[in-house]
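Here are a few exercises to work through with the model open in your viewer. Try each task before you read its solution.

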Amino acid sequence: MARTIKDFDQPDSPPIAPQFAGEEERARLFRTAVPEFQSGQWTFDDCEVLEIRKQRKKRIVHYRLSYRDEAGESKTAEVIGKVYGSDRGAMAFGVLRDLWESGFRAPMGYRVPRAYGYSSAEGTLLQGMAEGRDWAGSLERDPPALRWASERAAEWLVALQRVVVSGYENPTTDGSEVE
């Protein structure tokens, strides 16, 4: 069950981490982790915590980010913060960024969440919300729908194997393809 920020304000709850403790801490996280804020291309307006939950050993924080882009237009984005508590999120950030830049985003049918930024000081990866349904959600559907979803997932995996990601060696570098 997902927990809200109020759940973490209770005396018996774990301490609130800086990634979602207060407005200033959240603003600092986004301003230091997201390159567009660092460069001045975007201007930070606000960041609200919508939900906090745990997934395995990391906390997942759902934010609503408000900012102004380089043209001064107000924008909002649903952003997921994955709090690793270690530097493991750095590689995830790099891989997501490389895949995004390689075309795994709209309008392409094969997508990954946008990588917004990474804070090594906070051990937190900031990424966009994943679009669409996950494949596991198809398991409960009828066989034709499951087959269609499985075929799409297989196509996505083949497309993924064809991408060169910096710092990651593709196991099929011998020229063979996954079919």
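This is a predicted model: local features need pLDDT of at least 70, side-chain atom pairs count only at pLDDT 80 or more; totals for chains, interfaces and linings use all residues.

**Exercise 1.** Which residue's side chain meets that of Arg64 in a salt bridge at 3.3 Å, N to O, with Glu48 or some other residue as the partner?

Residues are numbered from 1 along each chain as its sequence is written, and side-chain values use heavy atoms, with hydrogens and water left out.

*Solution.* 
- Step 1: A salt bridge is a side-chain nitrogen of Lys or Arg within 4 Å of a carboxyl oxygen of Asp or Glu.
- Step 2: check the pair. Glu48 does partner Arg64, at 3.3 Å from N to O.
- Step 3: Arg64 sits in strand β2 (residues 58-68) and Glu48 in strand β1 (residues 43-55), so the link spans distant parts of the chain, 16 residues apart. Strands (E, at least two residues) and helices (H or I, at least four) are DSSP runs, numbered from the N terminus.
- Step 4: The scale is: buried under 20%, exposed over 50%, partly exposed in between (1.4 Å probe, protein chains only).

**Exercise 2.** Into what do shared partners join Glu48, Arg64 and Glu78?

*Solution.* 
- Step 1: find the other bridge. The side chains of Arg64 and Glu78 also form a salt bridge, 3.3 Å from N to O.
- Step 2: locate it. Because Arg64 lies in β2 and Glu78 in strand β3 (residues 74-83), this pair ties together parts 14 residues apart in sequence. Glu78 is partly exposed, at 30%.
- Step 3: Salt bridges with shared partners make one network of Glu48, Arg64 and Glu78. The structure holds 10 salt bridges.

**Exercise 3.** In what order do the strands of the open sheet lie?

*Solution.* 
- Step 1: recall the general idea. Strands in a sheet pair through backbone hydrogen bonds, parallel or antiparallel.
- Step 2: read off the order. The 5 strands run β1-β2-β3-β5-β4, with antiparallel pairing; two strands pair if DSSP finds at least two bridges between them.
- Step 3: find the edges. β1 and β4 (115-119) each pair on one side only.
- Step 4: zoom in on one pair. β3 and β5 are antiparallel over 5 bridges, and Val83 has Thr124 in β5 as its bridge partner.
- Step 5: Helix α1 (residues 23-33) lies across β1, β2, β3, β4 and β5, at about 105° to β1. Axes here are lines fitted to C-alpha atoms, for helices over the stretch in contact, and angles run from 0 to 180 degrees between N-to-C directions.

**Exercise 4.** Is Gln127 buried or exposed?

*Solution.* 
- Step 1: Gln127 belongs to strand β5 (residues 124-128).
- Step 2: check its area. At 7% relative accessible area, Gln127 is buried.
- Step 3: list what touches it. Leaving aside neighbours within four places in sequence, Gln127 has contacts (heavy atoms within 4.5 Å) that include Glu78, Ile80, Leu96 and Tyr116.
- Step 4: Of the 179 residues, 37% count as buried.
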